Amino acid sequence: MPEYAVELRDVSKRFPGPSGEIVNAVKNVSLQIRDGEFFSLLGPSGCGKTTSLRMIAGFELPTEGEVYIHGRPMGQTPPYRRPVNTVFQNYALFPHMTIGENVAFGLEMKGVPKAEREKRVKEALEMVRLPGFEKRRPRQMSGGQQQRVALARALINHPEVLLLDEPLGALDLKLRKEMQLELKRLQREVGITFIYVTHDQEEALTMSDRIAVMSGGRVLQVGPAHEIYEKPNCKFVADFIGETNLLEGKVIHQHGRQVEVLLAGGLTAHAESDQSLVSGQQVFVAIRPEKMALRPYDGAHNVYVGRVEEVVYIGTDTHYTVRLAGGQRVRVREQNDDPFSRPLANSGDEVRVYFDQTPARVLTE
Amino acid sequence: MTKKRSPWLIIAALAVYFFLYAPIVVLVVFAFNSSRTNVVFEGVVNREPCGPFYWFCALAGNRELMSAAQNTLTIALTSTFFSTIIGTMAALALQRYSFPGKTFSEALLYIPIVIPEIVMGIGILVLFSTLFRFINTTFSLPPDARLTMGLGTVIISHIVFSVPFVTLVVRARLHGFDKSVEEAAQDLYADEWRTFWRVTLPLIAPGVLAGALLAFTLSLDDFVITFFTTGPGATTLPIYVYGLLRRITTPELNALSTIWIALVLVALLIAQRLERRAG
Ligand SMILES: Nc1ncnc2c1ncn2[C@@H]1O[C@H](COP(=O)(O)OP(=O)(O)OP(=O)(O)O)[C@@H](O)[C@H]1O
Ligand SMILES: [Mg+2]
């Protein structure tokens with residue numbers, strides 16, 4: 001049996017709600033996070049990301065199920081006995097201590113002698129590019145700098161796993177991009193498993209080795225970025241990650257992976273699915289705008305006539321909003337790769353759009 | 001454009017200040033009176049020892065008064081110590097935990113602030129005397145071992161009325177306290193105990209100190225409750241002064257009051273300073 005850095009087995013968490021009801025924050029979640037991995041928990045607000053992370057850190061105990069860290073069941077182990085460290089969204093630096101004291105705190109609690117503490121604080125601050133800031137106070141630092149201090153304070157302890165709860169949430173866009181690269185660099189350097197909570201899909205896609213998409217307390221799909229993007233396993237994931245066209249319809253028949261779907265207005269679509277579906281089942285055909293095109297070639301599978309409603313030129317691409325004969329509205333994204341970037345159609349034109357069968361996915365709710 | 005202020009408002013303000021501070025000024029001035037009676041000011045005293053501070057020095061020679069001062073300080077320090085601990089713990093518990101009947105117990109905690117002091121005094125007196133009589137008779141204690149009113153009962157009653165004030169002040173400090181710094185400490189291997197001493201307490205210290213100073217000043221000048229709960233040998237300054245008043249007032253008393261006012265003023269200033277820095 002492989003040993004994971006962190007494993008959640010059938011973990012559920014219920015909270016007593018404000019008016020006596022029960023809040024199911026996390027429902028029956030199982031996750032395996034590998035050693036040295038940059039793993040992201042991605043999902044909309046309130047889907048249970050923070051609660052999952054807090055159960056790994058030990059700030060919350062699961063109502064059901066068990067959390068394992070490197071194979072050891074955590075049970076009731078309090079946070080201060082778990083081999084993990086956390087970077088909090090609001091940094092949570094100790095305002096009454098200097099930066100040096102903040103960073104040294106974990107080592108001090110572990111009883112590391114002062115001389116070694118000082119040496120390691122110096123190294124840790126150098127690692128996050130804040131050399132010589134030991135004597136400063138947290139409130140004398142900018143948000144980005146405080147963020148780095150929070151990182152140094154956690155990483156100095158060489159945790160088995162580093163937990164990060166939307167650590168870049170409070171930073172402006174430019175600083176965010178910088179810190180994303182910085183975090184990736186740090187993670188490669190120290191080789192520690194990172195579990196990263198975010199509701200920003202772009203952040204998750206660019207940084208993670210693997211992503212777990214969560215919704216309503218459940219994990220819907222786990223996989224590397226390209227898999228989550230190219231092969232979403234349900235409507236929610238397709239819709240949440242990137243932009244997607246969802247065409248509602250009913251299954252006509254399935255042949256292995258290939259499915260024929262009847263769309264509104266009598267159109268049919270050929271798409272693929274990993275699930276086994278029954279005829280007449282309500283489904284969605286999901287197709288990314290960049291996988292659709294105008295001007296079909298001869299013998300293309302899914303070809304539809306429609307009218308262009310809107311043309312948006314954004315430099316590298318042009319986006320066409322097309323209303324199909326069946327009333328569906330789709331977005332088509334064409335690259336502007338010809339030398340003159342002439343639009344392929346104008347608003348009001350009748351066009352034919354198409355997509356191939358392979359990138360089109362048949363999804364259920 | 002500045003708004004024209006009503007002259008009445010100014011007069012009212014002056015009157016308030018006059019009635020508030022004139023007695024205090026007079027009191028302090030008379031502490032330097034050369035006459036023994038407190039009726040007319042007959043010039044600044046200048047007698048050996050201590051010259052103009054003659055009455056202040058005379059205080060030191062008054063054994064009864066010195067023992068009352070000692071009692072007052074003992075009571076104030078002890079009750080402040082305990083009420084600060086209890087009040088802070090109550091504030092932390094109310095902040096952190098929700099439990100059935102929390103609102104009710106919080107309301108109950110603050111009742112001593114609004115209840116008339118005399119009611120509390122009588123209540124505590126009745127409680128202690130019944131309790132002591134019960135214990136003294138059931139265990140048929142010999143006369144010298146019997147429980148009586150004294151320093152102990154005064155200290156307990158002072159703790160009782162100070163706790164709500166401490167809790168109130170500490171609660172204000174805890175309002176908006178970011179509990180993630182406590183979690184951060186625990187995440188960095190500090191157990192609950194060390195988290196409290198290294199993180200929680202330093203952060204709420206201004207509130208705790210302000211609460212302690214408030215408790216201290218409340219205890220220093222309490223008369224009503226002390227009057228009901230004191231016993232032989234446990235006379236405090238307010239009680240002692242009250243006893244003197246019925247006979248004759250001398251500048252000695254004014255000197256005593258002057259020191260007293262200075263002490264309370266300093267304590268209050270520190271408390272206010274700390275609270276402002278906290279806010
Ligand atoms: N201590 C608590 N008591 C009651 N309900 C809670 C508690 N903590 C979280 N919840 C509820 O559990 C659900 C999941 O919360 P959680 O904080 O894990 O969401 P999240 O995915 O981190 O969201 P966000 O992106 O907004 O941070 C929410 O509905 C939340 O209201
Ligand atoms: Mg969250």
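Helices (H or I, at least four residues) and strands (E, at least two) are DSSP runs, numbered from the N terminus. Good morning, colleagues. The model before you is predicted: local features need pLDDT of at least 70, side-chain atom pairs count only at pLDDT 80 or more, and totals for chains, interfaces and linings use all residues. Residues are numbered from 1 along each chain as its sequence is written, chains are lettered from A and ligands numbered from 1 in the order in which they are written, and side-chain values use heavy atoms, with hydrogens and water left out.

I begin with chain A. Six strands form an open sheet in the order β6-β7-β8-β3-β9-β10, with mixed pairing; two strands pair if DSSP finds at least two bridges between them. At the edges stand β6 (84-87) and β10 (218-223) of chain A, each with a single partner strand, so one side of each has no neighbour in the sheet. Within the sheet, β7 (residues 161-165) and β8 (residues 193-198) of chain A pair in the parallel sense over five bridges. A:Asp165 has A:Val197, in β8(A), as its bridge partner.

I turn now to chain B. Which helix gives the most to the nonpolar patch? That helix is α1(B), with seven residues. Helix α11 of chain B holds B:Ile261. B:Ile261 is partly exposed, because its relative accessible area is 30%, and the term covers values between buried, under 20%, and exposed, over 50% (1.4 Å probe, protein chains only). Thank you for your attention.
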